[in-house]
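The following note sets out several points on the structure shown below. Please read each point with the model in view.

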Amino acid sequence: MANAETGWKAVNFCNWYIWSFYKNIHAHHENEEMIYFPFLATRAKIPPKVTADHVELMKMMDTIKTAAEKIVSLKGVGCAEFIDSIQVEVSRFVPEMREHLKEEEEIVPNILRANFTQAEEKKAVEAILKRGGLAEARSFLPSIALAMEEWASEDILVEFKAEIPKPISHLLDNYYLPDYKNTVVQMRESPSLCEIPKLQRVPCCQSKLMGFACCI
């Protein structure tokens, strides 16, 4: 139960959900619907349920987000009903999302193997990366990199890292990942922490010579 002493746990977790999880899942779905699925549809039929699932999943996520925003506005105090609402909706959302991801992992690789070359699929991925730019790379790439380190085989991990352009790899190792670990991970893990974490952002790298800022 959140109170004046422990309200930070709920606030940090809700901020993680709003500004990281919700934002990244929404961007992921948009990239699929605007770029990746149309690419697949040029040579194969995509089951309607795959895209229809996005609508229902986002409805559940919107409900969670609304409750999370209430908790943040109340600074985690006197928000038991909103915490209860999140717990109920998350219990519905998690199995639905897992089932959706399972379906995609069963359907998409089979479509790719039967209809496309790796070079063709790479172009679709590059279009997604171009659309998201550095802002989406900073938000999304660290979670993928950490998941790969935990779950991928050594060969797959080496291949994954080799595919990242060197400038982006530099940003990932020196800015994006440290920032993600210092802030995003700490917010996500706050409910299980005993002390308030120091959410210290990693400063952006800027080049006056080139006239740009790398960390968006």
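1. Glu136 is partly exposed, because its relative accessible area is 22%; buried means under 20% relative accessible area, exposed over 50%, and partly exposed in between (1.4 Å probe, protein chains only). Glu136 belongs to helix α4, residues 118–151. Helices (H or I, at least four residues) and strands (E, at least two) are DSSP runs, numbered from the N terminus. Leaving aside residues up to four places away in sequence, Glu136 touches Ala27, Asn31 and Leu141, where contact means heavy atoms within 4.5 Å. Glu136 and Leu193 are 57 residues apart in sequence, and their C-alpha atoms are 28 Å apart in space.

2. A word on the basis of these values is in order. The model is predicted: local features need pLDDT of at least 70 and side-chain atom pairs count only at pLDDT 80 or more, whereas totals for chains, interfaces and linings use all residues. Residues are numbered from 1 along each chain as its sequence is written, and side-chain values use heavy atoms, with hydrogens and water left out.

3. The protein chain contains six helices and two strands, in the order α-α-α-α-α-α-β-β along the sequence. Its C-alpha atoms fill a box of roughly 55 × 50 × 35 Å, taken along the principal axes. Of the 216 residues in the protein chain, 38% are buried. Among contacts with a separation of 6 or more, 75% are between residues 24 or more positions apart.

4. How do α1 and α3 pack? Two packed helices are described by the angle between their axes and the distance between the axes. For α1 and α3 the angle is about 30° and the axes are 14 Å apart; axes are lines fitted to C-alpha atoms, for helices over the stretch in contact, and angles run from 0 to 180 degrees between N-to-C directions. The two helices are therefore roughly parallel to each other, since angles under 35 degrees count as roughly parallel, over 145 as roughly antiparallel, 65 to 115 as roughly perpendicular and the rest as oblique. The residues of α1 that meet α3 include Cys14, Phe21 and Tyr36, and their partners in α3 include Phe93, Met97 and Leu112.

5. Helix α2 (residues 48–73) has 26 residues, and at 1.5 Å a residue these should span 38 Å; its end C-alpha atoms are 38 Å apart, which agrees. The expected span of a helix is 1.5 Å times one less than its number of residues. Among the buried residues of α2 are Val50, His54, Leu57, Met61, Ile64 and Ile71. What covers the buried residues of α2 includes α1 (7–41) and α3 (80–115). After α2 comes Lys75, whose phi is positive, near 60°.

6. How many disulfides are there? A disulfide is a pair of cysteine sulfur atoms within 2.5 Å, and by this rule the count comes to zero. Cys14 is in no disulfide, as the nearest cysteine sulfur, that of Cys79, is 7.4 Å away. That distance is too far for a bond. Both cysteines are buried: Cys14 has a relative accessible area of 3%, and Cys79 has a relative accessibility of 2%.

7. Gly7 lies in helix α1. Is Gly7 buried or exposed? Gly7 counts as buried because its relative accessibility is 1%. Gly7 and Gly78 are 71 residues apart in sequence, yet 9.0 Å apart in space, C-alpha to C-alpha.
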